[in-house]
Amino acid sequence: MRNIKAVLILLAIASLFLPLASAQDSIPLTDPETGARPWEGKELRILNTEVVPILAYQHEILDPLYEEASGVTLIYENAAHSDVLPRIQTTCAAGGDDFDIMFVEDGWAGALAALGCLEELDRFYLAAPGDSHPEDFTTRAFGTVAMAKEKWVGIPTLVAVGMFAYRTDLFADPDEQAAFMEQYGRELTVPATWDELAEVGEFFTRPDDELYGFNYRYGTPNNILFDYMIHFGFSRGVDFFDSEFNPLFDTEAAIDTAMFFAGQDVLNLQPPGRESFQFGEVMQNFAQGKVAMYGTESWAIPLLLDPEASIVAANTGFAPVPGWLNPETGEIQSALLSAGPAYMINAHISEEQKQIAWDYLQLAHGVEFSRILAEQTGAGHRISVLTDPDLVAKWPHLTANYEAAKVGIGRPAEPWWPEAENAIGRALQEVAAGGDAATLMVDANNDIREIVEDAGYYDEGLTYVSVEQREDFVCAKFAELGLEHDECM
Amino acid sequence: MRVPTSERILAYVILIVMAILVLVPVLAGSITAFKPQIIWVSSPPTWIFEPTLENFEFVFFTRKGWVYLRNSLIISGGSVAVALILGVPAAYAFARFRFRSSKALMQWLISLRMIPPIVVGLPFYAMFLYLERGLGIGLRDTFPGLIITYQTFLLPLVIWMMRGYFAELPAAMEESAMVEGYTRLGALWRVVLPVVFPGIVATAILNFIFAWNEFFLALILAGNRTSTLPMTAGTYIVRTRVEWGNLFAVNLIIMVPVIVLTIILRRQLVKGLTFGILE
Amino acid sequence: MPDQPFSTRLYHLTQRQRHWFFIAPALIILLLVVIYPIIFSTGVSLFRVTFASQSRPFVGLQNFERMLGNDDFIQTALNTLYYVVFSVSGSFLLGFGVALLMRRVTAGKELLRLILIIPITMAPIVVGLMWNWMLDPLFGLVNWFLGLFGIPGQTMLAQASTARMTVVLVDIWQWYPLVFLIIEAGMATLPRAPFESARLEGVSSWMIFRRLTLPMLRPVILVALLLRTVDAFRTFDIVRVMTDGGPHLTTETLSLYLYRTAFTFSKLSRAAAGSILMLLFIGLVSALMFRYLYRDVEVG
């Protein structure tokens, strides 16, 4: 129903702009139905990093479709993940036009917007919305991934929300169930709280059989912060900053979480090498059947469900992320981070290249293509996909993804965030190496305060852009574009 | 020198172990480049398999390895050519003319090797930025820009090595040529250079290896148009997995030309690597 | 002289200074690509400059103060020193040993030497990636090999306690052949007579080594140490690909830290200040070595 409503509204809006658009000599767009290919023979250069699986599946499945529809050749330049931000910053600061579209993680948007190299998308949308449908994302996701403060600069390539994957065959095995019952005096169930996670993890940790309880990412400052926040921190009530932009990593909750997540008890239930594991290793461990449970994000779905990539694809189940049992209220708290990269247009390229870039974004990352991707891989990030009855019937986890995308909290995207993220991530790694959590977290907190202060945030009247404020930005932007969104009502 | 047999056997054993320690990682890694994807990662390692070239195909065509190979060749070749054009005459002067500052200058040239690339790379980036913004001269992500930057480590080495080759020649050579009516430049060009040509080749090859393996300056100053091979090796470490087969295919493409050049050059290698300080 | 015509004096002047015609082009380029950047860096380090900054206020020595007061800078400087000390001494001892052993072999010498020098010709980034593969905790060859002897899987690069030494070992693996080549070349130039007479007098080989070989090789040894030291100071590529500075800050070198400060965190002027400090640091260490070196070696 919502789809139909959205389409009707869009049609109405589009019709308003029709005379205007034709008067402007409307921008020609790739149109698979009419077969119009105005950019035939052109090239589009994308600075990319082949990071999470969903991107690889997108390129494999959707790019040929786009190239066929448009006649445009896509040229990827893949950089190592840690090289991408330096590459974009150095190129942008020089006003370089050597790529048209860039891969921008949500935490980087502030730094790049400050450089003035993110092209705002409003005018392209107003002239020719195509299949872009920005209102097809939750406001939380759109505010985090596609916007730099109040500016709309990208179309999300994916929206990552926390997920919990587990081995259905192990949990359903009667022998395992009996053994667990004998050992712990309760039913073997997929863990719902941190304590249960540790208990079930201990049960499945059998180094002699090359099986371990679970595994998380501790390998890089960026990775460790993600898992700390997504899978533990938020549920314990940890946040990044208060409204005055004071960092909150020295709170009791933050320190407790660090002691649990990076403590030796939890580390011991993970495969050897865990201190250096990044995205790839933890995913590979699960896909090769070496761990029983895997705290991950929705971008892993395509690979986890792909029998060619995972030997346990047929035995993979998804559950809510285990939460923190609040001793006062007795309820299980859990909350999630939603984040992701968006493809953004380089502001320093020629007008024609910008038009081609928009054409690519609206079609290759539009509603129709997203649906194709979800059908084939089980991963989606647009509301229309996450709530589609047929798709939900095929992939039940989409509903949980949708709920998470509605409440997910995003990373700050201030210009100095990459540095702050590095400071707290390093401290967490040091905790995992056996350091004292309390001292390290307080020190890191002070470092972040200094970074924020250095950037002039305490004395120049700049304030923290909270998650709610971001939603306001999104709703204001949608209103400006003449779009309606349920969450903005 | 006469060496007791037991000592000799011990020496052989240790040296052969050292050689194995070199060869095993290099060879075991390299054969991964010929493994099909399914056995890139396996424990215990798979030694017997049907070799495939699909990794090379992927790296070379799908991932545009040939473009990076071309870039690497242009940048390394170009910067060596420039270093030779500038460095050979200077080396000749240092070898032939006695002048007051000559020793101090040569020492200064060695000291340039101490300068860490970050000290040069950062201001270079900033300078390119100002040139581009202020004067509209784009050098970042261009071949000339990188070729100029590479002179920081190539030019001193060329001067030091070539000075050694010139010094080995008797001065009488040009003098008699000059008596016959050649100018000094003419004598250098017609008489001296043909004789030191093998030295020039050795210098060029060694400098080419240095430029070929360079990573740091390229990381900062190269871009889409000029990415070099070493820059692309890291892109096969993706969050999903490390594509070992593809990675080692790139590694081989970087490694093999250099090893071949090394075999050609082995006798000259020390002189170059030590800046000729040993003479 | 004064009564010579101007043109003659000019001719003599150009004859006396003719070397500059040969040297000037190279010198100008070197001043441009080395000296100017250092001056430029020093200038930038006195201001506050980021990628995005519109204004560039003068801040005096603040960037230097902040760098020196920064735990991470101090930690990475100490890490760098650790690399220098262990990588240089390790590669030196190993290289020297191999050079001595090499004198004792005859057949296959060329081939052995050729194999041993392969590592120096490889790009450090390739070496790092290759050893990552060797050391992989799950399927790496090293653990497979240890497993044959019943030694459980090691995770050298993951542990803060072993990561730094592991990177140093890989660095030694790559660079000891350089020491070997230098020492071997040095040994080839030693005169034979003193050794032969010592041997005739029945001096033990150990005493010959201590009293004759070592002192006579001193200049060569210093060259090897100097080259290894300046190279170890700027370690970047190998760490970048093997650990990227982790776990936490245990393997991060100054070069890597300054690269990150400048290009990831956009603090260009602070990184410039750090790089000047680093240059002074290296200059100091090398100056001490140079003084030793030039006491006995005639250079140039």
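The model is predicted, so local features need pLDDT of at least 70 and side-chain atom pairs count only at pLDDT 80 or more, while totals for chains, interfaces and linings use all residues. Residues are numbered from 1 along each chain as its sequence is written, and chains are lettered from A in the order in which they are written.

**Chain C against chain B**
- In this pairing, 73 residues of chain C are in contact with 77 residues of chain B, where contact means that the C-beta atoms of two residues, placed from the backbone, lie within 7 Å.
- Helix H2(C) gives the most to the side of chain C that touches chain B, with 14 residues; helices (H or I, at least four residues) are DSSP runs, numbered from the N terminus.
- That side of chain C divides into 59 nonpolar, nine polar and five charged residues, with Ala, Val, Leu, Ile, Met, Phe, Trp, Tyr, Cys and Pro counted as nonpolar, Asp, Glu, Lys and Arg as charged, and the others, Gly among them, as polar.

**Helix H2 of chain C**
- The 26 residues of H2(C), residues 19-44, should span 38 Å at 1.5 Å a residue, and the end C-alpha atoms are 35 Å apart, which agrees; the expected span is 1.5 Å times one less than the number of residues.
- H2(C) has a kink of about 35 degrees, centred on Leu31(C), the bend at a residue being the angle between axes fitted to the seven residues ending there and the seven starting there.

**Chain A against chain B**
- This contact takes 26 residues from chain A and 20 residues from chain B.
- On the side of chain A that touches chain B, the largest share, five residues, comes from H3(A).

Terms used: Helix = DSSP H or I, 4+ residues; strand = E, 2+ residues; numbered from the N terminus.
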